[in-house]
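Dear colleague,

Please find the structure below, together with its sequence.

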Amino acid sequence: MAGQFEATAEISRPVEEVFAFLAAGTNDPKFSPRVQEITRTPEGPTAVGTVFTSTVKDAGMKTGRTFRITEFEAPRRIRWAETSKNLVMAEEGGYDLESAGPGTTKVRIFNVLEGHGVGKLLVGFALGAARKDAPAFGQRIKAAVEAS
């Protein structure tokens with residue numbers, strides 16, 4: 001079973017600034033309490049093929065996560081796919097950004113979660129938790145970008 005969750009937020013910053021903050025990838029700990037640490041390979045600007053490796057804490061357990069950027073269209077669209085092998089994975093995810101007026105950006109984030117092995121039994125719980133947190137997640141992104 002796979003399923004998607006998404007969040008949206010209106011951020012009081014120009015689309016180029018919001019895109020740059022999100023494209024950096026290493027800002028994730030500023031809005032996602034799950035992300036303990038994150039690195040980018042190779043060094044330099046994010047592009048298709050850039051890999052982000054993170055340590056994430058879910059339900060008291062730490063796991064390693066690796067994501068590869070699959071699409072990168074500044075300043076409107078970023079897509080990724082998880083390449084690590086975890087019980088529940090983000091098979092696909094991304095950001096969509098659009099101008100919502102002068103100095104304001106609407107951002108949408110989504111992830112498609114899929115369970116593997118025993119994770120097929122857990123993915124429903126993970127989706128439920130992610131969907132429940134989605135509005136707050138959008139607001140955490142807004143707060144982090146506006147504070148930067």
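The largest pocket holds about 1200 Å³ of space. Please bear in mind that this is a predicted model.

The lining of this pocket is made up of 43 residues, and those nearest its centre are Arg 34, Val 56, Asp 58, Arg 65 and Leu 113. By class, 29 of the lining residues are nonpolar, 7 are polar and 7 are charged. Elements that each contribute at least two residues to the lining include β3 (51-58), β4 and β7. The largest share, 9 residues, is supplied by α2.

The largest nonpolar core consists of 33 residues, and Leu 22, Phe 31, Tyr 95, Leu 97 and Ile 141 have the most contacts inside it. Among the elements that give two or more residues to this core are β1 (2-11), α1 (15-23), β6 (88-99) and α2 (119-147). With 8 residues, α2 gives the most.

Which residues is Ile 141 in contact with, leaving aside its neighbours within four places in sequence? They are Ile 11, Leu 22, Phe 31, Tyr 95 and Ile 109.

Leu 22 also belongs to the buried residues of α1, together with Val 15, Val 18, Phe 19, Phe 21 and Ala 23. In an α-helix, residues three or four places apart point the same way, because there are 3.6 residues a turn. Just after α1, Gly 25 adopts a positive phi of about 75 degrees.

Yours sincerely,
A colleague

Key: Residues are numbered from 1 along each chain as its sequence is written. This is a predicted model: local features need pLDDT of at least 70, side-chain atom pairs count only at pLDDT 80 or more; totals for chains, interfaces and linings use all residues. Side-chain values use heavy atoms; hydrogens and water are left out. A nonpolar core is a set of buried Ala, Val, Leu, Ile, Met, Phe, Trp, Tyr and Cys residues joined through side-chain atoms within 4.5 Å. Buried means under 20% relative accessible area, exposed over 50%, partly exposed in between (1.4 Å probe, protein chains only). Helices (H or I, at least four residues) and strands (E, at least two) are DSSP runs, numbered from the N terminus. Contact means heavy atoms within 4.5 Å. On a 1 Å grid over the protein atoms alone, a cavity is a set of points where a 1.4 Å probe fits but cannot get out, and a pocket is an open set with protein on both sides within 12 Å along at least five of seven lines; lining residues have an atom within 4 Å of a point. Grid points are joined across faces, edges and corners, and a volume is the space filled by probe spheres set on the points. Ala, Val, Leu, Ile, Met, Phe, Trp, Tyr, Cys and Pro count as nonpolar, Asp, Glu, Lys and Arg as charged, and the others, Gly among them, as polar.
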